[in-house]
Amino acid sequence: MSVWNPPRLLDLVGMSLLRDEALAFAPLGDLPTEFFPPLFMEAFHGRHSETLKAMVQAWPFVRLPLGGLMEMPHVGTLQAVLDGLDVLLAQKDCPRRCKLRVLDLRNTGQDFWSTWSGSNVRVSSKQPLAPLEVFIELCLNEGTMDEFFIYLMQWVEKRKASIHLCCKKLKILSMSMENIMKVLSMVQLDCIQEVQVNCTWHLSTLAVFAPLLGQMGNVQRLLLSHIHVSALDEQEQQHVVQITSQFLRLHHLRDLRMESPSFLQGRLDKMLSFSPRCLKTPLENLAITHCLITESDLKHLSQCLNIRQLKGLDLSGVPLTGFSPELLQVLLEKVAATLQELDLNLCGIMDCQLEAILPALSHCSQLRTFSICGNLLSMAIMEKLLRHTDGLPTLILELYPAPRESYSSQRILHPGRLAQLQAELIEIMRNLGSQKQKDKYQNVMKNLGVRQA
């Protein structure tokens, strides 16, 4: 015998409103708060534009996390929501019921929609604050500027006085500087906390972008990749000055990553010339990869006061062959108390340089990952390395190159010889440490010679 489940009051109200959208404008102000999220989802997925427009005007929460519903952005539903906002913006006094001050178009808020219940959502009692905030995710790519994005930008541009367009993360993949500046002219730059430039720029292009970067005073993470320079003539030198002057305005920078910054050689002191007063928080992660630097650059890095609490250091692809062994040693001594990740891949590190840093390395008590692949190191120095890292309590991942003796004079790897050397290192490790460290040793062996020198 089947059990009849009568429709809930919520279902009946929703069906009525969605069936005749003309009814939506009258009763929404009197609906219980718990009716709004499920009814909004029904209207959104059914593309009931008039109901959406009406619900925005009576939305009883401070935030409308619309992005959590948009697996495939649809211009029609966005237009309905924005039309509702236009009605609110045109009113001198906000409707009694409406609390909406933030439209969130980021891919967040799924929990609000999927687990919502009247008992766990707070309705703000604060008075509305102007202007309205619209949060988006900005990934600037000329090839993916769809109708949805263009419509939103045009809507914001006409309402600059009453709309704050905010984004926490800015990613630039491929876009002309003219269009980048046009988009960012509509964004509250001090809202941005992370900037990624994942495209190939000339130094002059970065110099044009730098004043905008300088206005992003709350940036905590900055990634710059493939900044090229043809020759450092007088004009290019001026570009470097323009760029570094804006870097000094990033008072909250914690994570700095520069990949292939060809302009950096001999100028690292200017790029990192943050005084202790300039940076309100010390750097936590620094990556300078795949570029040339000088000994004076490395010396300045070790003297920089703002790296003393560094958790991650990546110098992969930076040739250090011929550098004084003491430079790396001093650098590691400065960060030994806090360092958790160290990457020295493809640095051309020699035995004498590695031996010089072993005492400092053994004092990196917080170190979790260490990678030194792509360096031609002897079996003897690798044995010393394993002995020095044996006592590090938190080290869980070690990536080492195949020993130099496993190669022929023509730099051809001999698998049989490598296997023999691995067996010797395994035996050395068996004689080190406690029983509970065996898993770590096996992990070392799996990664030994994965990336060949």
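This is a predicted model: local features need pLDDT of at least 70, side-chain atom pairs count only at pLDDT 80 or more; totals for chains, interfaces and linings use all residues.
Residues are numbered from 1 along each chain as its sequence is written, and side-chain values use heavy atoms, with hydrogens and water left out.

Let me begin with the sheet, which is open and consists of four strands in the order β1-β2-β3-β5, with parallel pairing. Strands here are DSSP runs of E with at least two residues, and helices are runs of H or I with at least four, numbered from the N terminus; two strands pair if DSSP finds at least two bridges between them. At the edges, pairing on one side only, are β1 (63-64) and β5 (163-166). Strand β3, residues 132-135, is joined to β5 by four bridges, and Glu 133 has His 164 in β5 as its bridge partner.

By nonpolar core I mean a set of buried Ala, Val, Leu, Ile, Met, Phe, Trp, Tyr and Cys residues joined through side-chain atoms within 4.5 Å, where buried means under 20% relative accessible area, exposed over 50%, and partly exposed in between, with a 1.4 Å probe and protein chains only. Beyond its neighbours within four places in sequence, Met 216 is in contact (heavy atoms within 4.5 Å) with residues including Leu 170, Leu 184 and Phe 209.

Which residues of helix α14 are buried? In this helix, residues 379-389, they are Met 379, Ile 381, Met 382, Leu 385, Leu 386 and Thr 389. These residues lie on the same side of α14, because they cover an arc of only 160° around the axis, the arc being that of the directions from the helix axis to the C-beta atoms.

Gln 246 sits in helix α9, residues 234-247, and counts as buried because its relative accessible area is 14%. Leaving out residues up to four places away in sequence, Gln 246 touches Ala 210, Pro 211 and Gly 214.

Finally, the cysteines: the structure holds zero disulfides, a disulfide being a pair of cysteine sulfur atoms within 2.5 Å. Cys 199 counts as buried because its relative accessibility is 11%, and Cys 304 is buried at 5%.
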